[in-house]
Structures are given as structure tokens and as C-alpha cells.
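Okay, thanks for coming, everyone. Let me put the model up and we'll walk through a few spots together.

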Amino acid sequence: MPETSNSVLEIVIGVIVLLGALICALSAFGLIRLPDVYLRSHAATKSATMGVLLILSGAFLYFWIFRDHVSVKLLLGIVFVFITSPVAGHLNGRAAYRSGTSLWKGSVRDDYKEALKEERKRSSKA
């Protein structure tokens with residue numbers, strides 16, 4: 001590849017990694033500043049997942065393009081984070097709700113309240 005092409009690719013990969021790091025920093029800021037467990041869970045699962053995926057993707061692209069090495073470990077890391085982080089966030093939020101953790105006072109909707117009431121009514125009859 002020509003030298004200018006390598007420089008452009010290095011800059012693009014650097015921007016991908018930097019964007020991932022910025023999104024992770026935003027996620028950390030959200031974990032500190034958001035008012036309740038549900039919003040914090042959203043910050044942790046959505047933005048942190050995107051940030052980590054961008055960082056791992058940048059690393060994968062670097063090794064693939066410049067070192068001619070396809071890293072299966074990085075690909076597995078990308079798949080693992082993509083699948084497990086949103087599921088874990090959902091389960092944490094569901095566990096918090098079912099254990100009675102209150103919503104933030106500024107919340108305007110509680111879609112799960114009626115469904116949980118019905119489920120508890122059905123389980124008490126059985």
C-alpha cells in the first residue's frame with residue numbers, strides 16, 4: 001500500500017479508538033450523574049457497550065491491516081460484549097424493579113407495573 005494510504009488508515013483507526021474512549025468516558029459520567037438505577041443501567045449497557053465495541057474494533061482493524069493478523073480473540077471479545085452486556089443490563093434492571101427499587105421521581109411512565117401486578121396475582125392463585 002502507498003504511504004499516504006497507510007497514514008489515512010492509521011488516522012481512521014485512531015479516530016475509531018478515540019471515539020470509543022470518549023463514549024466510555026461519557027458512560028462513566030452517566031453512571032455518576034444519573035439519578036436512579038434504571039438510568040444508570042442504561043448508561044452502562046448502551047454507551048459502554050458501544051465504546052468497548054469501537055475500541056475492540058479499532059484494535060482488530062489495526063492488527064488485520066498493519067500486522068496481517070486476524071485476531072480471533074478480539075472477534076470473540078466483540079461478539080461476547082455485544083451479546084452479554086445488554087442482556088446483563090436488562091436483567092439488572094428487572095431484578096431492581098422486582099425487588100422494589102423505586103423509579104426516579106421525574107419518571108413519567110411505568111409500563112411494567114401492571115404486568116407485574118397481573119403476574120403476582122396469577123402466582124398467588126396457583
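So, quick one to start: which residue forms a salt bridge with Lys117? That's Glu114, with the closest N and O atoms 3.7 Å apart. Before I go on, remember that this is a predicted model.

Both Lys117 and Glu114 sit in helix α4, three residues apart, about one turn of the helix. Lys117 is partly exposed at 47% relative accessible area, and Glu114 is partly exposed too, at 48%.

Glu118 comes out at 38% relative accessibility and Lys121 at 42%, so Glu118 counts as partly exposed, and so does Lys121.

Glu119 is in α4 and Arg98 in α3, so the pair ties together parts 21 residues apart in sequence.

Now over to α2, residues 37-66, and α3, residues 72-98. Their axes come within 9 Å and cross at roughly 180°, which means α2 runs roughly antiparallel to α3. Their contact has 17 nonpolar and eight polar residues, and no charged ones.

In the loop between α2 and α3 you'll find Asp68. Asp68 isn't a glycine, yet has a positive phi of about 50°. Asp68 counts as exposed, at 70% relative accessibility.

Last stop: Trp64, Val70 and Leu75 make a nonpolar surface patch, together about 280 Å² of accessible area. Trp64 belongs to helix α2 and is partly exposed, at 45%.

Key
Residues numbered from 1 in each chain as written. Predicted model: local features only at pLDDT ≥ 70, side-chain atom pairs only at ≥ 80, totals over all residues. Heavy atoms only, no water. Axes fitted to C-alpha atoms, helices over the stretch in contact; angles between N-to-C directions. Helix = DSSP H or I, 4+ residues; strand = E, 2+ residues; numbered from the N terminus. Parallel < 35°, antiparallel > 145°, perpendicular 65-115°, else oblique. Nonpolar A, V, L, I, M, F, W, Y, C, P; charged D, E, K, R; others polar. Buried < 20%, exposed > 50% of the residue type's maximum accessible area, 1.4 Å probe, protein only. Patch = residues over 30% accessible without salt bridge, like charges linked within 9 Å, V, L, I, M, F, W, Y side chains within 5 Å. Areas by Shrake-Rupley, 256 points an atom, 1.4 Å probe, with all protein chains shown as cover. Salt bridge = Lys/Arg side-chain N within 4 Å of Asp/Glu carboxyl O.
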